[in-house]
Amino acid sequence: MSKPVLVLAGPTASGKSGLALAIAEAMTGVVINADSMQVYRELAVLTARPGAAALARAPHRLYGMLPADEPCSAGGWRKMALGEIAAAHATGRLAIVTGGSGLYIQALVEGIVALPEVPREIRESARALFEKLGAEGFHAALAARDPVMAGRLRPRDRQRLIRAWEVLETTGESLAALQEERSEGPPAHLDFVGILLEPPRGELYAAIERRLDAMIAAGAIAEVASLLALGLDPRLPAMKAVGVPELASYLHGELSLEAAVRRAKQATRRLAKRQLTWFRHHRPGREILIVKDAPFAQLSESFKERIFNFIRQNLLTEAH
């Protein structure tokens, strides 16, 4: 019999974390992070990671567990998420996967190509080689060793070129061949049911504005300063988190604080728009409840009851 998993998805600032916590408390659940930036240890404020009070009220997993210099792939996250889901089920808890990273959720629900972990030294050497050879030179070097993958990519596809080189160095095989051989389908032992938050655009943008102001007040600038002090590669995912480049420009004297915050808000709105578009085309489960009056600050009792009734009706009772 398949085991139940609740997937709570939606754009940034739509109230996912608060709702996930309420569900976890009411239905004995474990909240499992599916936000690609909340996995990074150094980004607590700017990613709105659940704080100590939330962590004390219900178990939270996969938050802040990686250093910023260690990129997290959808495949790597999927493996960790499946482990946390299994652990939740082993203790009789409801697994609640929540986040706005559509690619992560798609990898979990629909499956993914399983690729090997690339050692750090190979990642670093591949990036160094790209810098040395340049885009055209690196593309030519890949073509000499793996003409199939090079033929699928253009010199400007930096990340994909480097990924193809990393896999070749790690396994001795073409990424193209591995993609055909190592495809992992949806986990047949899990039953995914989704709740998708789609709040009105105006309310969502207003929530984004308020939250960014609160982040600044809570120490976001100091957080970015500490991140910059690590001297990391600016192309790392953590260095591209919404708010990091904008506040870095302020710290470097390139923008006023007002302009930096304004740009960060604009970037967050663009992210929310992309997330809304993604989830309209990629549904996070077998059965979906779309909530267009998503909560932002407080959950009304009627709202919570509507959500809980949906969960009771569509998820197997053995996890509760």
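**Ground rules.** I number residues from 1 along each chain as its sequence is written. Because the model is predicted, local features need pLDDT of at least 70 and side-chain atom pairs count only at pLDDT 80 or more, while totals for chains, interfaces and linings use all residues, and side-chain values use heavy atoms, without hydrogens and water.

**Entry 1: the cavity.** I looked for cavities of 30 Å³ or more and found one. A cavity here is a set of points on a 1 Å grid over the protein atoms alone where a 1.4 Å probe fits but cannot get out, and lining residues have an atom within 4 Å of a point. Grid points are joined across faces, edges and corners, and the volume is the space filled by probe spheres set on the points. The largest cavity comes to about 50 Å³. Its lining consists of G102, I105, Q106, V109, E110, W278, F279, H282, R283 and P284. Two or more of these residues come from each of α4 (102-110) and α12 (257-281). The most, five residues, come from α4. Helices are DSSP runs of H or I with at least four residues, strands are runs of E with at least two, and both are numbered from the N terminus. By class, I noted five nonpolar, three polar and two charged lining residues. Nonpolar means Ala, Val, Leu, Ile, Met, Phe, Trp, Tyr, Cys and Pro; charged means Asp, Glu, Lys and Arg; the others, Gly among them, are polar.

**Entry 2: a helix pair.** How do α10 and α11 cross? Their axes (lines fitted to C-alpha atoms over the stretch in contact, with angles from 0 to 180 degrees between N-to-C directions) come within 9 Å and cross at roughly 85 degrees. I looked up who meets whom: A220 and V224 are among the α10 residues, and L247 and Y250 among those of α11. The contact (heavy atoms within 4.5 Å) has 11 nonpolar, no polar and no charged residues.

**Entry 3: a salt bridge.** My search gave 18 salt bridges (a side-chain nitrogen of Lys or Arg within 4 Å of a carboxyl oxygen of Asp or Glu) in the whole structure. One joins R120 and E70, at 4.0 Å, N to O. R120 is in helix α5 and E70 in the loop between β3 and α3, so the pair ties together parts 50 residues apart in sequence.

**Entry 4: R127.** I found R127 in helix α5. Beyond neighbours within four places in sequence, R127 contacts R158, Q159, I162 and E166.

Conventions:
1 Å grid on protein atoms, 1.4 Å probe; cavity = no way out; pocket = protein on both sides within 12 Å on 5 of 7 lines; lining within 4 Å.
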